[in-house]
Amino acid sequence: MKIRAIALNTFKEAIRDRILYLLLFFAAVSLLFSRFLALLTVGDRVKIIRDVGLSSISIFGVLMAILIGTGLVYKEIDKKTIYTLLSKPIHRYQFLLGKFLGLIITLFIMLFFMSFIFMALVFFHTFKIEWNLLIPIFFVFFELCLITAVAILFSCFSTPILSSIFSLAFYLIGHLSWGLEGLIQKMKPGAGKILAQILYTFLPDLENFNFKTEIVQHLPIPSKIFIISTLYGLFYTLFILALAMLIFRRRNFI
């Protein structure tokens, strides 16, 4: 009940944030722009619309998660409302979980609106509903859950600006860490290679949630990959949330 109340309050607070609607507006413009881009490009126009549309949904969804998520905890601290909340019979982990779930609900609704515009745009060109496009969108949502957890983690001990930079760096590293695998194969045995292997093991691999190319190009995807990516996103998100709870529990607000 306590977590649900905090989540509902966070949701109401998030949907009143002007940044959310500004990003949603630009996301809609980007999706519609993909149609004009397709007209100016030689090749399969529908593929271009699919590719640009899915990329837009992912990018603007991440920006929503970062810009709103990094301020969730900081606003409560800055406005001193954190003292009132924690003076009540509410555990700190319940506070963080409520904030997390409230923003996830908000992101789900925003993702629904962006997906609706995107699917309608594709339908306008193909005159059929391409349900397979929901696969990459589903995993974009998993990615947003992880990025939201990361944003909340950094907001527990840093300012919104620094938290946004850290979260964005996490996102970029997560999509570039796959390059380490090729680098490791070319490196000679030694301390450098061992260090690179350790980094590759612990750095996030957000490419696990990227199925845009496979879906757009109609490439076969083994079903077990979906299960592995889902479990990866679930456990990594829980790990980040647990770390955020540990830091938040140890923080002194006096």
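1. Helix axes here are lines fitted to C-alpha atoms over the stretch in contact, and the angle between two of them runs from 0 to 180 degrees between N-to-C directions. With that in hand, welcome to this structure, which is a predicted model.

2. On the helix 5 side, the contact includes Leu 96, Lys 99, Phe 100, Leu 103, Ser 115 and Met 119. Helix 6 answers with residues including Leu 134, Val 140, Phe 141, Cys 145, Thr 148 and Ile 152. Sorted by type, the residues of this contact come out as 17 nonpolar, 2 polar and 1 charged.

3. Between helix 5 and helix 6 there is a loop, and Phe 127 is found in it. Do have a look at its backbone: Phe 127 has a positive phi of about 60 degrees, although it is not a glycine. Is Phe 127 buried or exposed? Its relative accessible area is 65%, so Phe 127 is exposed.

4. Next, follow helix 6 to another partner, helix 11 (residues 223–250). The axes of helix 6 and helix 11 are 8 Å apart, at an angle of about 15 degrees. Helix 6 is therefore roughly parallel to helix 11, and the crossing is left-handed. Among the residues of helix 6 in this contact are Ile 135, Phe 138, Phe 142, Leu 146 and Leu 153. From helix 11 come, among others, Phe 226, Gly 233, Tyr 236, Ile 240 and Ile 247. The residues of this contact divide into 17 nonpolar and 4 polar, with no charged ones.

5. His 218 sits in the loop between helix 10 (212–216) and helix 11. His 218 has a positive phi of about 60 degrees, although it is not a glycine. With a relative accessibility of 52%, His 218 counts as exposed.

6. Helix 6 also packs with helix 7. Their axes come within 9 Å and cross at roughly 140 degrees, and the crossing is right-handed. The contact involves, among others, Glu 143, Ile 147, Ala 151 and Ser 155 of helix 6, together with Ser 163, Phe 166, Tyr 171 and His 175 of helix 7. By type, the residues of this contact are 8 nonpolar, 4 polar and 1 charged.

7. One of those residues, His 175, deserves a stop of its own. It is found in helix 7 (residues 160–176). What is the relative accessible area of His 175? The value is 16%, and since buried means under 20%, His 175 counts as buried. Setting aside residues up to four places away in sequence, His 175 touches Glu 143, Leu 206 and Glu 207.

8. Now turn to helix 3 (residues 45–78), where Thr 70 has its place. Thr 70 is buried, at a relative accessible area of 1%. Which partners does its side chain have? A polar atom of the Thr 70 side chain lies 2.7 Å from the backbone oxygen of Ile 66, and the side chain also makes a polar contact with that of Ser 164, at 3.3 Å. Beyond its neighbours within four places in sequence, Thr 70 is in contact with residues including Ala 151, Ser 155, Pro 160 and Ser 167.

9. Leu 67 lies in helix 3 as well. At 38% relative accessibility, Leu 67 counts as partly exposed. Not counting residues up to four places away in sequence, Leu 67 touches Ile 19, Leu 23 and Ser 164. Leu 67 and Ile 161 are 94 residues apart in sequence, and their C-alpha atoms are 8.9 Å apart in space.

10. Finally, visit Ser 34 in helix 2 (residues 18–40). Its relative accessibility is 0%, so Ser 34 counts as buried. A polar atom of the Ser 34 side chain lies 2.4 Å from the backbone oxygen of Leu 31. Away from its neighbours within four places in sequence, Ser 34 is in contact with Ile 49, Val 52 and Leu 121. Ser 34 and His 175 are 141 residues apart in sequence and 23 Å apart in space, C-alpha to C-alpha.

Methods: Residues numbered from 1 in each chain as written. Predicted model: local features only at pLDDT ≥ 70, side-chain atom pairs only at ≥ 80, totals over all residues. Heavy atoms only, no water. Helix = DSSP H or I, 4+ residues; strand = E, 2+ residues; numbered from the N terminus. Buried < 20%, exposed > 50% of the residue type's maximum accessible area, 1.4 Å probe, protein only. Polar contact = N/O pair within 3.5 Å; in protein donor to acceptor, adjacent residues only side chain to side chain. Contact = heavy atoms within 4.5 Å. Nonpolar A, V, L, I, M, F, W, Y, C, P; charged D, E, K, R; others polar. Parallel < 35°, antiparallel > 145°, perpendicular 65-115°, else oblique. Left-handed = near helix turned anticlockwise from the far one by under 90°.
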